[in-house]
Each structure stands twice: as C-alpha cells, then as structure tokens.
Amino acid sequence: MGKKTIKICMAGFGNVGVRFTRLLLEKERELRDDYGCRVLVTGVCTRSKGTMMNPRGLDLGGLLIMNGELGRFEPEHPDFVSGCDTHAMIAAAEADLFIELSTLSIGDGEPATSYIKEAFARGMDVITANKGPEAWSFNELKEIAETSGRKFLYETIVMDGAPIFNMARAGLRGNRIIALRGILNSTTNFILGEIEKGGNFADAVAEAQRLQFAEADPSMDIDGWDGAAKICALANILMDARLTPKDVKVKSLAGIAADDVKAAWAEGCRIKYICGAERGDDGAVRLSVEPRRLPLSDPMCSVNGRSSALIFHTDLAGEIMLTERDPDILQTAYGVYSDLLTLIAER
C-alpha cells in the first residue's frame, strides 16, 4: 500500500482537540501500517490560546506539553503566529482537511458555518464536531460539498463516538426514517436520575457541575437548546427536514419538580427528557424537546446517568435503538477520528 499524506488544520484546541491530537500520536503506527497514511497537523487556531502553524507539520507532542504546562501556546515559539484568526489559518495552513471544533452557537451556527464554507472554497474536506452548522445550514453545506467534490463528515455531533450516521448510511440502506426519538443530553438525564434518588433539582444541577459535565451556566442543557440543536441536525441529515432550531417545540426541564418525578414512579413511569422528530401525514417533520412521562416498559427508561440513546423508526427495519453508556472525552475524540478513517478509506 502506497503511503499518502493528509495535512490537517484545526479550529479549537479544547478537551476534544487535545484528546484527538493525543489519539493521532497513539495511532500513528496504525495509520501508517494499516491505512498507508501519514497525518500532519499544519495549523491549530484558538480564540484564547493563540495560533500555531507550520505547513511542514507541527510537533504534536510538543504542542500537547505546551498546552498542558501553560494552558496556551507559547508566543515565543517559532510556529506561533500572532494576530491570526481561523479564516487566515485556513488560507495559510496548506491543509487538505479542516477539522472544526469550535463552540456551538445556538443562535445561528456561526462562525463555524463560515469556517466550513471557507475550507470548501479552498479545496479542503471538512470534519466537524459542531452541531450548529448542521442544525442551521445543513442542506447548503451539503450542496457546496457535493458541488466542489469535497467530503463533509460530522459523526460526533450528537452522541460522541456512537456511529449514528455511519449506521444510517451503511446499515439502514433502503430504509425511510419515519421518526427519531432519543435521550440526547447527558446532563439532563443525570439530573433526572439524581432527583429520582431523592435529591432536588438545584442539588442535582450542582452535582452535575461538581462532576464537570455540566457547565457553570447549564441553561443550554436544562432549557433544551442543546437538545434542540441535536434533534434538528439529526432531522436535517436523516429526514431531509430543512428546519432550524427555531422550529423546535422546546419545553424546559426546569419546570419538573421532585414531586413530579415521585408521582411518575408511583404510577410505574419515569420522566425522561426526550428529543423527537416525526414526519406527519402531510409530509412535514415536527421537532420537539420536552419532559415525557414514559412507562417503565419503554426502552428509554433503561437509559441512566450520562448515557444517551436514539431510536430510529423506519419503514422496513422497524425500530432500531442505539445506546451509548456513560461516554467520556475519548469517545468524542474517537468520533472525529472515525471520520478521519472514513475520509482515508474513501480517498
């Protein structure tokens, strides 16, 4: 097998970017021996840590040490580039692939969507872990990718490393997805579980924050907007919904009290925070994020803690459920890595 080289530039170097970079180092021999591929990272741009760039390839080990020791990139390093934003990095990094790991903007999917368009315009394939572009502009980005002959991959945008889109693409061929139903936000699922154990809402939120998987401001999760972006992205990709998060019927979890959870248990039910997409008889797809009282026989009632799950309702294969149990940052980084392997295999 002849060896090919893929040059990568990245926007963002938070927990996912750091773990993905470590994964590249851990899998360097496997990429070379099993896939005939050499991967170079030629640029990394962040809002708070600075920008590093070298078209011949950055020293990834040194980059990780620098980030771990300083929490930023060293301005005196020869590969540090002052005053360089993501658009400038995309233009100058001489990369084949742009990996977009910036923070979600629920209001419009920017600036991630613009970064992706810039990368396509410069002949790059794109991998993103950001659900905003798919929630707001999926069809536009898909069309640009197809027209320019580029790959647009996004496996990790909803359930970390769980193979939602790969499974739908390769394992559900010939099926029409009629509806989707899932527990897609681990923070709210954990909070409901803590309340079931006898806690109250505020204490459950505080515990999720203590364990560092709820943000200091958890409103995006609790008020349902993270779930809205996820179900919208899913519906756009898998059901051609052509909707945005503004079209999602959202009900905050904050209205659920401990008494509601206890009453549900007394009646043989559990309250779960469910993201749903359903195509009506008129052909329109309707999206919702809301607390639902489910009978204990419902498979969603077995999804606990930080776990997530998604049920595909299909016309031929029936109901298929995919569950991810208590993921950590490695699973998110794997989702990005799996897209890289897809790209390598299809080159």
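In this predicted model, helix α1 (residues 15-26) lies across strands β1 (4-11), β2 and β4 (97-100), running at about 165° to β1; helices (H or I, at least four residues) and strands (E, at least two) are DSSP runs numbered from the N terminus, and angles run from 0 to 180 degrees between the N-to-C directions of axes fitted to C-alpha atoms, for helices over the stretch in contact. Helix α5 (residues 112-121) also packs on the sheet, where it touches β4, β5 (125-128) and β6 (contact being heavy atoms within 4.5 Å), and its direction makes about 175° with that of β4. Residues are numbered from 1 along each chain as its sequence is written; local features need pLDDT of at least 70 and side-chain atom pairs pLDDT 80 or more, whereas totals for chains, interfaces and linings use all residues, and side-chain values use heavy atoms, without hydrogens and water.

The sheet is open, with six strands in the order β3-β2-β1-β4-β5-β6 and mixed pairing, two strands being paired if DSSP finds at least two bridges between them. Its edge strands, β3 (51-53) and β6 (152-153), each pair on one side only. Three bridges join β2 (residues 37-45) to β3 in the antiparallel sense, and Val44 has Met52 in β3 as its bridge partner.

The axes of helices α8 (residues 186-196) and α9 (residues 201-210) come within 9 Å and cross at roughly 130°. Across this pair, Thr187, Phe190, Ile191, Glu194 and Ile195 of α8 meet Phe201, Ala204, Val205, Glu207 and Ala208 of α9.

Asp240, which follows α11, has a positive phi near 50°.
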